[in-house]
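Open the model in your viewer and keep the selection tool at hand.

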Amino acid sequence: MNIERLSKSQNYDDPLAVDLMSDPEYRDKMDRLKKEFSLIDSNGDSFITRDELLRFLDQRAKEPFDREIADQIFKQIDDNQDNSVTIKEFINTYLDAERILSDRLREVEDLIEDLHARKGGFIKKLKEAKRSDAPNTYGVSDKSELSINICEAKQLAGHGATITHNPYVHLSCGRQDGETKEVKKTVDPVWNEDFTFNIERGDEVLSLVIRSRESVTKDLELGSIEIPVAALKDQIEEDKWYTLRPPADREDAGQIRVKAQWIHSRVKYFESMISKLEEEIADQDQELDNFKRYLARLRKPFGFLEAENWSSKYGAFKKFETETNLKLNQLARDKFKTENLNLYGHT
């Protein structure tokens, strides 16, 4: 059976669905759902009411079915909210749930494959790092680098002030320095500029001074911070807002957002990334098993009416769809971040 074609058919009387009726598996599914509808439709008027659904759920559970969940199920399958469910609404609710779970199952399978590929890439980088990295007399890799992104700042004129500036950031670390572009007439500048510094000892300090170009010959200091490189020794990127130290003639200086990461040992970094990927693969394997279990339960007779498939607030299918989308989006951001790390010039 062509699952991809079926997943695109969200309405059983769409032309695509009609074409699928030639598929024995799809036809059997439609026959089963129609029989299930008829069993719930106790008076045979081709509509399921809330009372009919409650009676059926009570009989099937052999005890009073949870009314809150029953009302939620009825509201979900009553697509036009007219207090009665047609055969079309009944079948489309099933197809929609099946589509959501099938789509998410495939996405998690693709994600697991991607995680394994990324793990393989880091394993290769780890082998290369073990061959080429060598610690110096300070115990720091001779290829150690500090990566900095100067993101943005806010309230550079001080709290409540209305004056504007032309701010830029001067960076220095050891004997190295750099400078962002100037942003005109603002106290909330956005730079999003990257800088890299070679780190030899690990006791260096990154100094950031924000100044404003007030004229061709005059710069006004707005605030400053210092970040010890050793504070980043865990090799994890830090994304943080820092409160600026104001100059002597001001009470406050606003804040600056900086992303900072110090890679002092590629070997340890890649080992850490491999470990994290292995944990994520294990989590996604469990998530895949969950989707398979829910999909199997859904495909049993009256499966999408089972209480276990519903939470107190959202249908499990919708809940899984939301949670999985959030997780996939986060992993995509993490993938972009790790793939674009400039680890000593190696990709």
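Show the protein chain as a cartoon: 8 helices and 8 strands. Helices (H or I, at least four residues) and strands (E, at least two) are DSSP runs, numbered from the N terminus. The model is predicted, local features need pLDDT of at least 70, side-chain atom pairs count only at pLDDT 80 or more, and totals for chains, interfaces and linings use all residues. Residues are numbered from 1 along each chain as its sequence is written, and side-chain values use heavy atoms, without hydrogens and water.

Stay with the whole chain. Of its 347 residues, 46% are buried (under 20% relative accessible area, 1.4 Å probe, protein chains only).

Next, select residues 24-40, helix α3, and residues 87-132, helix α6. Their axes come within 10 Å and cross at roughly 130°. The crossing of α3 and α6 is right-handed (the near helix is turned clockwise from the far one by less than a right angle).

Now show side chains. On α3, the residues meeting α6 include Tyr26, Met30, Leu33 and Phe37. On α6, pick Ile87, Phe90, Ile91, Tyr94, Leu95 and Glu98. Contact here means heavy atoms within 4.5 Å.

Move to residues 50-61, helix α4, and residues 67-77, helix α5. These axes also come within 10 Å and cross at roughly 130°. The crossing of α4 and α5 is right-handed. Select Leu53, Leu54 and Leu57 of α4, which are among the contact residues, with Ile73, Phe74 and Ile77 among those of α5.

Terms used:
Axes are lines fitted to C-alpha atoms, for helices over the stretch in contact, and angles run from 0 to 180 degrees between N-to-C directions. Buried means under 20% relative accessible area, exposed over 50%, partly exposed in between (1.4 Å probe, protein chains only).
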